[in-house]
Amino acid sequence: YYIGTFIELDNTEDTYVYLAGMRFINNLFIGGDYGIKAKFVDTMWITHSMFDFVKSPIYIDSCGTMNVSDNYLQTQTGEQCVYVCNNSSSEKRFNVIARNIMWSTNQAKSVNGVVFNGKTAKISFSEVSGNRFAELNNMVVMKNCQNNKVKDNVANNGNVFFEGNGDSTIIEIKNNHVDDSVTKFTNNTHA
């Protein structure tokens with residue numbers, strides 16, 4: 001507890017090291033900067049774990065198929081609960097963020113819940129479903145994403161439930177229960 005990064009997997013594209021099939025189950029992380037930080041990992045599961053007061057619980061960069069489910073993610077200020085970005089030249093698909101509890105200890109609501117940021121190539125055919133959000137700024141953010149679903153989530157006391165921008169297309173948003181939040185689309189989002 002209370003260390004910089006608990007687990008870091010850094011597999012850069014220009015090496016021959018190949019990390020795949022990683023599973024993190026039933027872990028407890030308290031405090032610190034990052035819970036799990038991964039780069040260029042293929043197929044990763046993070047389930048049934050508790051991230052308590054971790055600044056950025058799950059940070060994923062350019063990883064293949066990923067499943068983050070049934071976790072408790074309580075974050076500190078100024079970061080996000082689950083951040084998924086794509087700096088790879090290939091599209092990343094089939095990510096699932098499901099049945100997690102996400103909230104911030106910061107009552108000013110400056111922290112995001114789930115962020116999909118397709119920086120170099122899109123994040124597609126992924127799903128954010130069955131999660132519980134509270135005390136967050138943006139519950140779900142999608143930038144440069146396509147063919148994704150946001151469904152069956154419950155969100156309360158946040159600023160924005162869904163924000164789509166940066167050329168996100170074909171996003172299905174349905175059966176969510178949102179209290180005291182709004183949805184906004186900017187920068188040519190076709191949802």
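## Close-up views of a predicted model

View 1. The structure holds 6 aromatic pairs. Rings of Phe, Tyr and Trp (its six-membered ring) pair if their centres lie within 6.5 Å; planes under 30 degrees apart count as stacked, over 60 as edge-to-face and the rest as tilted. The rings of Tyr34 and Tyr59 have centres 5.7 Å apart and planes at 80°, so this pair is edge-to-face. Tyr34 sits in strand β4 (residues 34–39) and Tyr59 in strand β7 (residues 56–61), so the pair ties together parts that are 25 residues apart in sequence. Strands (E, at least two residues) are DSSP runs, numbered from the N terminus. Phe6, Phe29 and Phe51 form one aromatic cluster.

This is a predicted model: local features need pLDDT of at least 70, side-chain atom pairs count only at pLDDT 80 or more, and totals for chains, interfaces and linings use all residues. Residues are numbered from 1 along each chain as its sequence is written, and side-chain values use heavy atoms, with hydrogens and water left out.

**View 2. Ser56 is a buried residue of strand β7**. Its relative accessible area is 1%, so Ser56 counts as buried. (Buried means under 20% relative accessible area, exposed over 50%, partly exposed in between; 1.4 Å probe, protein chains only.) Leaving aside neighbours within four places in sequence, Ser56 is in contact (heavy atoms within 4.5 Å) with Asp33, Tyr34, Gly35, Thr75, Glu79 and Gln80.

**View 3. Asn117 makes a polar contact with Tyr83**. Asn117 lies in strand β14 (residues 112–117). With a relative accessible area of 13%, Asn117 is buried. Its side chain meets the side chain of Tyr83 in a polar contact of 3.3 Å. Such a contact is a pair of N or O atoms within 3.5 Å; within protein, one must be able to donate a hydrogen and the other to accept it, and residues adjacent in sequence count only if both atoms are side-chain atoms. Not counting residues up to four places away in sequence, Asn117 touches Tyr83, Val84, Cys85, Asn86, Ile123 and Lys143.

**View 4. Met139 is buried in strand β18**. The strand covers residues 138–143. Met139 has 0% relative accessibility, so this residue counts as buried. Met139 and Val160 are 21 residues apart in sequence. In space, they are 6.3 Å apart, C-alpha to C-alpha.

**View 5. Tyr2 is exposed, before the strand β1**. Tyr2 lies in the segment before β1 (5–10). Its relative accessibility is 52%, so Tyr2 counts as exposed.

Methods:
Helix = DSSP H or I, 4+ residues; strand = E, 2+ residues; numbered from the N terminus.
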